[in-house]
Every structure is written in C-alpha cells, then in structure tokens.
Amino acid sequence: MSTIDEDGPKHTIKRGVSLYSFQHECFLRTMTLPDCIRVAGEIGARGIEIIPEQSIVGYPRLTDEFVADWFGLMDRYGTTPVATDLFLDTKLHPDRWLTLDEQIASVRTDIDIAVRLGARNIRAIINTPPEVMEGAAPYAQEQGVRLLLEVHAPFHYAHPWIVQHLEVMHRTGSPALGFMPDMGTYVKRFPRVVSERALRDGARPDLVDLIVKTYDDHGDTHGLMDTVHYKGGGPVDFGLARQATHFIWSDPRGMLPHMDLIGHIQAKFYEMTPEGIEYSIPYDEIVPVLIEGGFDGYLSSEYEGNRHIEDAFEVDSVEQVRRQHAMFGRLLGETN
Amino acid sequence: MFDKYIVCDDSLRGRTDGRPGGVVQVRMPYYRGLGLSMVEAVDLTLDGTPIPAERTNFTVHGNTYTFAELPSVFDDRWEMGEPADLTFETDQPVEAGDHQVAIAVRLRISYMPVPSGGRDVKTLSLTTPTDLDGTR
C-alpha cells in the first residue's frame, strides 16, 4: 500500500479505474472481466467503476453467480467496487419518449444493480433529466447509494442544464444526489490523437492547423464549422471543427464551490505520453484543486484514446492506464 | 469507434437451409450492449448491390429476428463485441470465393441527437457448406 509522503499534500483521494478504459480489449475478447480487475489491482487502481451494460451479459438480469464471481475478484485482487454507470434509454421506443415514471423505473433498476455489486456511486448519464434525478433520489437514499450526474463536455456548472440539476440538488438537499465530473471538461489543448486521426482520414492540413490553433489559443470555436466550410473543407474537416466545439476548457477551480456535491471523478484521458503526462488535460492543475477542495473520493481512469488510434496503431489500454496512475501517484504525493 | 471491427474476419459462409444467400458476422460499433429495439439498421451491400432489409434477418446468441420485429424487441440485447449473424437471401447463389461485404449499422442512442453507428467494408472469402462438411 502506498502512503502519503510527509512532505506531500495531505488528502484522502483514492485511485480507481473505470472498466470503460479497457473497452477495446473487452470488445475484441483479448481481456476478460477477471483480467480487468487483476490489472487494476496491479496498477494500484483499487476502486472499480463498472459499466453494467458493457460488462454484464444479459443486463439488466444479474445472476447470483455473477455477483459471487464479482466479489471473489475483489477479494482476490484487493479491489473495491466504487461506482456503476447507468444509461437512460429515453428513446427505447422508436415512436415515443419514455415517460417520467418509466425513466425513474429505469434508474431504480440500475440502483438495484449497483447495490448488488456493492458500489455506492452511480453515474447518471448527462441526459438524465433533473425531474428523474429528483424522482429517483428517495429510492437511492433508501438503498444507500448516490446518484451522481455526469458533468460531461461541453457542459459546465453555469450551463442551464447543469443549473437545473443544481436547483434540484439544493432545493431537495438530498444526500443521494450529486455530481460526477468528467475531466474531459478540462481539455486545455486539442488532443493530438484526434487531429492526427483527422489527417489520416484525409483532412486538409491547413484546416486542421486552423482548428487546433484556434482551440489551443482558447479562441472562438463557435464559428469554426462555418469558417472551415467557407474555406472549402469537407466532411472530415467539419467533423474535426465540431469536435473543437465539443471540447471545453475552464479553470478546474470551478469545481470548488460544488465540492460537497462531487462524489466521484471520471479521470478522462486521451493520451498518456511516454513522459508520463496527459497531452491535453493538465492533471497537474486538476489534482491540486481536488486536494484543496477536500475531495475524498476516487480518481477513476477513463481512457478514451483507443477510438482515435485504432485505425493505425496498436491499442494498449493497460499501458495507458498504468501511465496515468504513475502520474496520479506522483501528483498525490504517494511513496511506495 | 470500432468501425474497422464491424465485419468479422473470415465470417462469410453459405446458408444452411439450401436457399441462395449467406451469413456474415457483424459487431456493433459501440462500447456497451444495446437493447434490440434501438438497433435501427444493419444494412448489407454485397459486391456493390444493396440487400433489402426484408431479405435479411438478425441472430444474437441463438435468437433470430427480422428487422421488422426489432423495433419492438425490448427483452433482448446485442452485447458489446458480440458477433451477430446477419443472414441474407439473394436471387442467385453466392459463389465461392472473394466478396466485398459492406455493412452500415445505425443505432438509436438516447443521449445523441442524431443516429449513431458506423460502417465497415471488408473482402471476405465465402466458405460453402460443401467446404465445411464435404457432404453437399
């Protein structure tokens, strides 16, 4: 076990991993669920976040056998269930939206799964409406879990969608509601794995430069799709310009006023370089804010670079997560 | 994501019911499983010729559905990375040898404003039942 260095920052932040990170290997069946948990334990990412719809065949049916195996894996590899990720299929039916009652029932199903898996935090996907959070909160409280709305790019705490959620959280004061910020909301420079993929897909280098430079200068990205169009760009260029409007950057200190609502962090990343830094997301600016704010949950790795490199490179999600945790260990002042 | 893995390598084979056509295995370009009512289309174009959806059917873990049925299937899923069988019928028998198999998957993902999915094209070699068991 690691300890806090005497000279290092004092905190209670723990390290974990979302199995989202290993989606490439799980999709191709080169890693199994036990492999994921073993690797997490080896890396010291001891808090496990699972996406039931990814890892549980037959979801939402959860067999006693799966649950027994799950806790067996936790024991074997020294890991702990920390979070589950729920989805809300409002468009389950082709011809109508799910009713409010149906949406709340869907959330309750996922609460039951989280409870059986021993996870206390549930990622409510960004499209979960405030009234569904409010309607499901009493059941979550009764079951001893927290529904944490994902704050995913391009959303932030002053966005009307998040403000509506804040209103519910503050008005009800429910201990069962909160946020799960995705660090993809702190993309300081344009991920090069994304721009390099666009080039491989045939994007025009001058337009890629314009898009990346506009983003990196924290310029006005809103008009980029139009500008790229005026300059004769094509679909790949438009796609990259759209991505520039979907990444966002703001000072991570913006989390501080909401820290009592933040129960878990999805530590999104696109590329850990061999030098041990995330190319686009400055964790050396983020982690000190979490320490200052007294965050006492898990930094949960969420590797999302695979989709940008799979066309040309071998994906090695395990190595990427390993590098991110080496960085976290350093930023958290751990000594081994 | 996962587009290049939609069409499974070496997965084209003949039908086992004696009708003209074939079976190809496909995976969903998504990082979780999805209820079948949200699988809007798995369109096949064989050697440049689109095969109408009504001449195909879809099998996951042994359960077979027509594409007319899928919108109302609420109790079954296409699991992440699961090779599904897309069975198709053609006018003429598909000859042994190489064929270009193009698949376009369209999914209804609730948090996305427009349909999601992906495309893949691969050249697959048809293995006929004759090749497999030598009895026909």
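1. Chain A splits into two domains: domain 1 covers 3-190 + 247-335 and domain 2 covers 192-246. These bounds come from an automatic or database domain assignment. Keep in mind that this is a predicted model, where local features need pLDDT of at least 70, side-chain atom pairs count only at pLDDT 80 or more, and totals for chains, interfaces and linings use all residues. Residues are numbered from 1 along each chain as its sequence is written, while chains are lettered from A and ligands numbered from 1 in the order in which they are written.

2. The C-alpha centres of the two domains of chain A lie 29 Å apart. Their contact takes 14 residues from domain 1 and 13 residues from domain 2 (two residues are in contact if their C-beta atoms, placed from the backbone, lie within 7 Å). On the domain 1 side, nine residues are nonpolar, two polar and three charged. Here Ala, Val, Leu, Ile, Met, Phe, Trp, Tyr, Cys and Pro count as nonpolar, Asp, Glu, Lys and Arg as charged, and the others, Gly among them, as polar.

3. Now for a helix pair. In chain A, helix 8 (residues 192-200) packs against helix 11 (residues 235-246) at an angle of about 170°, with the axes 9 Å apart. Helices are DSSP runs of H or I, at least four residues, numbered from the N terminus. Axes are lines fitted to C-alpha atoms over the stretch in contact, and angles run from 0 to 180 degrees between N-to-C directions. So helix 8 of chain A is roughly antiparallel to helix 11 of chain A (angles over 145 degrees count that way). Helix 8 of chain A brings A:Val194, A:Ser195 and A:Ala198 to the contact, and helix 11 of chain A brings A:Val236, A:Gly239, A:Leu240 and A:Gln243.

4. Chain A also touches chain B, with 25 residues from chain A and 19 residues from chain B. Helix 1 of chain A gives the largest share of the chain A side, three residues.

Definitions and conventions:
Helices (H or I, at least four residues) and strands (E, at least two) are DSSP runs, numbered from the N terminus. Angles under 35 degrees count as roughly parallel, over 145 as roughly antiparallel, 65 to 115 as roughly perpendicular and the rest as oblique.
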